[in-house]
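User: I would like to work through a protein model step by step. Could you show it to me and then take my questions in turn?

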Amino acid sequence: MGLILEGQQDGQELGFEDFTPPFLAPTTVGSVVLRGVNYASGGGGILNYTGKIFGGRINLDAQIDNFANTRQDIIASIGAPATLSLLKMSLFEVVIGSNDFISNYLTPVVSAVNQKVVPPDVFVDTVVARFRLQLTRLYNLGARKIFVANVGPIGCIPYQRDTNPAAGDNCVSSSNQIAQLYNTELRSLITELGANLEGSNFVYADVYRIVNDILQNYRSYGFENANASCCYAAGHFGGLIPCGPPSKVCSDRSKYLFWDPYHPSDAANVIIAKRLLDGDSNDISPLNIRRLATI
């Protein structure tokens, strides 16, 4: 995931007729970009080397570079004053960070040496320091309404469960602990940026809390399975091989919290999106997305 100018699930709820178009689509040109652009990338991270095992991912620095290019195109089209006014009213969603742990620091075997040399708190400090620079750059490019999601309980995803069999049927506590360590620092960073960057409206979304609530009370949300992947190929929890053509799919994906080894199902994402849109300060603060969009 990564940077989105406007939203997708959230965008539809706010009145947009379609998904925000991807930056790399050949049709995302001209007046189309005035309605929002999706710069996100599968496998991308805050750190440039995150997800390198996946090859052609686009890290957050490159995503912001792409936004800067769009910004220049808009300036050429409608002029600088109108562009800055447009960006001031736009909603910037930054949903990133999980890959910096799942596909970097916590990658089995590949990162074993790095974990011994770099303590979790030092790695978290490195990620947050880089994120501070990136969010500040986004502000300097004209973003003012900036929604930032924290990292969910990554120790509970099927991939982490299957690559850490010692946890049994439980979530991997060490992975969740490093996510919580990062989230604590991220919350402080968002508060700091909101206080120091004039005219900014930074919002902190506690996705960890929301997903953990669903995990603990999954049946009350209508789910029947909260630990395995609906789309599966190998592993006790279906978490060892990414979803693809050889995979099998569960009979009713709406009953699964997880779609594949890494991601929530569409049914889970709807719940998460609605709580971020209209939730109270326990889920998202200081404003929910609906209120942020109107100021």
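User: At what angle do helix 6 and helix 8 pack, and which word describes that arrangement?

Analyst: In this predicted model, helix 6 (residues 120–140) and helix 8 (residues 173–196) pack with their axes 10 Å apart and at an angle of about 30 degrees. Angles under 35 degrees count as roughly parallel, so helix 6 is, relative to helix 8, roughly parallel.

User: By class, how many nonpolar residues does the contact of helix 6 with helix 8 have?

Analyst: Among the residues that meet are Val124, Val128 and Phe131 in helix 6, and Leu181, Leu186 and Leu189 in helix 8. Besides one polar and five charged residues, the contact of helix 6 with helix 8 has a nonpolar count of 13.

User: Is the disulfide of Cys156 and Cys171 left-handed or right-handed?

Analyst: Cys156 is joined to Cys171 by a disulfide, with an S to S distance of 2.1 Å. Because the torsion about the S-S bond of Cys156 and Cys171 is about 110 degrees, this disulfide is right-handed.

User: Is Cys171 buried or partly exposed?

Analyst: Buried means under 20% relative accessible area, and Cys156, at 2%, therefore counts as buried. Cys171 has a relative accessible area of 26%, which means that Cys171 is partly exposed.

User: What pattern do the disulfides of the protein follow?

Analyst: The count comes to three disulfides. Besides the disulfide between Cys156 and Cys171, one joins Cys230 to Cys250, and another joins Cys231 to Cys243. With bonded cysteines counted along the chain, the pattern is 1-2, 3-6, 4-5.

Note on methods. Residues are numbered from 1 along each chain as its sequence is written. This is a predicted model: local features need pLDDT of at least 70, side-chain atom pairs count only at pLDDT 80 or more; totals for chains, interfaces and linings use all residues. Side-chain values use heavy atoms; hydrogens and water are left out. Axes are lines fitted to C-alpha atoms, for helices over the stretch in contact, and angles run from 0 to 180 degrees between N-to-C directions. Helices (H or I, at least four residues) and strands (E, at least two) are DSSP runs, numbered from the N terminus. Angles under 35 degrees count as roughly parallel, over 145 as roughly antiparallel, 65 to 115 as roughly perpendicular and the rest as oblique. Contact means heavy atoms within 4.5 Å. Ala, Val, Leu, Ile, Met, Phe, Trp, Tyr, Cys and Pro count as nonpolar, Asp, Glu, Lys and Arg as charged, and the others, Gly among them, as polar. A disulfide is a pair of cysteine sulfur atoms within 2.5 Å. Buried means under 20% relative accessible area, exposed over 50%, partly exposed in between (1.4 Å probe, protein chains only).
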